[in-house]
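Please look over the sequence and the model shown here. The paragraphs after it go through the chain part by part.

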Amino acid sequence: MKQILIIGMGRFGRHIARKLNDLDIQVLGIDNDEEKVREVLPYVTNAEVGDATNQDFLKTLGLKNFDVCIVAVGDNFLASLEITSYLKELGARKVVSRAARDTQEKFLLRNGADAVVYPEKLMGNLTAMRYSSDNIFDYIQIGKDFAVFEIAVPNEWLGKTIGQVDVRKHYNINIIAIKKDDNVSVTPGASHILNSEESLLVLGKDKDIRSAFHILG
């Protein structure tokens with residue numbers, strides 16, 4: 001079973017802890033604020049109050065036992081940078097750190113972070129994309145150029161089969177699933193007839209999806 005260390009039990013850290021708890025993953029939560037540690041106790045395997053900028057304290061955690069160490073500190077970038085560097089120096093296998101700005105991401109990567117998460121930027125992109133069109137229901141960016149959109153079936157496609165629309169040939173995108181209510185049909189066949197009660201999950205380059213569905217941007 002995976003073991004994950006989360007340093008910083010603010011809103012972001014707590015959200016991660018709750019989700020990992022749902023996935024039955026063992027989590028050790030760390031914060032220097034006793035109240036925040038108390039709040040996260042229902043969602044973690046264990047929690048400790050401590051200063052993660054102190055190398056001696058970090059050494060007591062057995063960092064090499066964790067598959068991932070997440071630095072979720074959001075209100076003190078210097079502390080986040082210091083913790084990230086120390087974790088790597090002390091032998092942490094994988095360090096994932098939170099950034100609030102592009103410049104922070106660069107510094108974190110240079111100082112030991114294996115990956116950087118940017119929750120504010122991700123949420124901003126999702127919100128902008130979600131409300132840029134009434135036909136977009138969800139959006140996930142995959143890498144720099146690719147994305148998955150959940151989108152309404154265009155009127156001109158209604159009553160046609162997937163084979164007749166042939167999005168791969170005409171638009172260079174793929175329909176990877178069809179969603180109706182809470183039911184999802186993965187890799188639907190070419191004979192499936194599209195209707196207005198469904199939404200499509202399509203994968204492709206962001207620019208190709210925009211072009212296929214006439215999304216501005």
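In which strand does Leu 5 lie? Leu 5 belongs to strand E1, residues 3-7. Strands (E, at least two residues) and helices (H or I, at least four) are DSSP runs, numbered from the N terminus. The model is a predicted one, in which local features need pLDDT of at least 70 and side-chain atom pairs count only at pLDDT 80 or more, while totals for chains, interfaces and linings use all residues. Residues are numbered from 1 along each chain as its sequence is written, and side-chain values use heavy atoms, with hydrogens and water left out.

Leu 5 counts as buried because its relative accessibility is 0%. Here buried means under 20% relative accessible area, exposed means over 50%, and partly exposed is in between (1.4 Å probe, protein chains only). Leaving aside neighbours within four places in sequence, Leu 5 is in contact with residues including Leu 28, Ile 30, Leu 61, Phe 66 and Leu 87. Contact means heavy atoms within 4.5 Å. Leu 5 and Gln 26 are 21 residues apart along the chain, and their C-alpha atoms are separated by 8.6 Å.

Next comes a loop. Asp 24 sits between helix H1 (11-22) and strand E2 (26-31). Asp 24 is not a glycine, yet has a positive phi of about 60 degrees. Its relative accessibility is 59%, so Asp 24 counts as exposed.

The chain as a whole is divided into domain 1 (3-117) and domain 2 (123-213), with bounds that come from an automatic or database domain assignment. The centres of the two domains, taken over C-alpha atoms, are separated by 36 Å.

Further along, Ile 142 lies in strand E7, residues 136-142. Ile 142 is partly exposed, because its relative accessible area is 40%.

Strand E9 (residues 174-180) and strand E10 (residues 183-186) run antiparallel and are joined by 4 bridges. Two strands pair if DSSP finds at least two bridges between them. Within this pair, Ala 177 stands opposite Val 186 in E10. The hairpin of E9 and E10 has 2 residues between the strands, and Asp 181 in this hairpin takes a positive phi near 55 degrees.

Thr 187 is a residue other than glycine with a positive phi, near 45 degrees. With 60% relative accessibility, Thr 187 counts as exposed.
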